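Dear colleague,

Please find below the structure that I am handing over to you. My notes on it follow directly after.

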Amino acid sequence: MACFLVSAAEAAVVTVTAKIIEKKEKKEIAHTGVVEAHKIPFSRKLRWLSNLQWGGSALLAFEHLWHGEIVPWAPFLTEMSDKAATGEMLHEMATVGVCMAALTTAVWLGMLAVSAILEKRARAEALASESGV
């Protein structure tokens, strides 16, 4: 029905947040002149989540379009034409949509954990090569 809207809403918020953080990171780099070579900026990591959410919501929207649940005329979602169906749609968004968005965010958190391990390893290797070990 409309569960993809939850992921799309999260993706929109994350995209805006990533842009704001990216501007702050660029200002900080311009101010301090320090760039950590072995660290991925947080704004890039947020873009990972944004891409996951936008991609997932696009696939879900296509699936709903394929099944005729989205139409090219108002109100666009077939479930919004009937009040009883609208309640069912909102329930699906609150349960399935939120669960899918949370699962995608959990996958992203796993990606952050792996990224932190790899960054730590790269930092340790760089320090070892600088000290000549």
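I70 is a buried residue, at a relative accessible area of 17%; buried means under 20% relative accessible area, exposed over 50% and partly exposed in between, with a 1.4 Å probe and protein chains only. Please note that this is a predicted model, in which local features need pLDDT of at least 70 and side-chain atom pairs count only at pLDDT 80 or more, while totals for chains, interfaces and linings use all residues. Residues are numbered from 1 along each chain as its sequence is written, and side-chain values use heavy atoms, with hydrogens and water left out.

The position of I70 is in the loop between α2 and α3. Helices here are DSSP runs of H or I with at least four residues, numbered from the N terminus. Not counting residues up to four places away in sequence, I70 touches F4, A61, H64, L65, F76 and L77, where contact means heavy atoms within 4.5 Å. I70 and A2 are 68 residues apart in sequence, and their C-alpha atoms are 8.6 Å apart in space.

Helix α2 covers residues 42-66 and includes K45. K45 counts as buried, because its relative accessibility is 10%. Its contacts, leaving aside neighbours within four places in sequence, are I40, W108, L112, S115 and E119.

The whole structure holds two aromatic pairs. In one of them, F62 and W66 have ring centres 5.8 Å apart and planes at 45 degrees, so the pair is tilted. Rings of Phe, Tyr and Trp (its six-membered ring) pair if their centres lie within 6.5 Å, and planes under 30 degrees apart count as stacked, over 60 as edge-to-face and the rest as tilted. F62 and W66 are four residues apart in helix α2 and are therefore separated by about one helical turn. F62 is partly exposed at 49%, whereas W66 is exposed at 66% relative accessibility.

Lastly, helix α1 (residues 4-32) packs against helix α3 (residues 83-131) at an angle of about 45 degrees, with the axes 7 Å apart. Axes are lines fitted to C-alpha atoms, for helices over the stretch in contact, and angles run from 0 to 180 degrees between N-to-C directions. On the α1 side, L5, V6, S7 and E10 meet M93, G97, V98, A101 and T105 of α3. The residues of this contact comprise five nonpolar, three polar and one charged, with Ala, Val, Leu, Ile, Met, Phe, Trp, Tyr, Cys and Pro taken as nonpolar, Asp, Glu, Lys and Arg as charged, and the others, Gly among them, as polar.

With kind regards

Methods:
Helix = DSSP H or I, 4+ residues; strand = E, 2+ residues; numbered from the N terminus.
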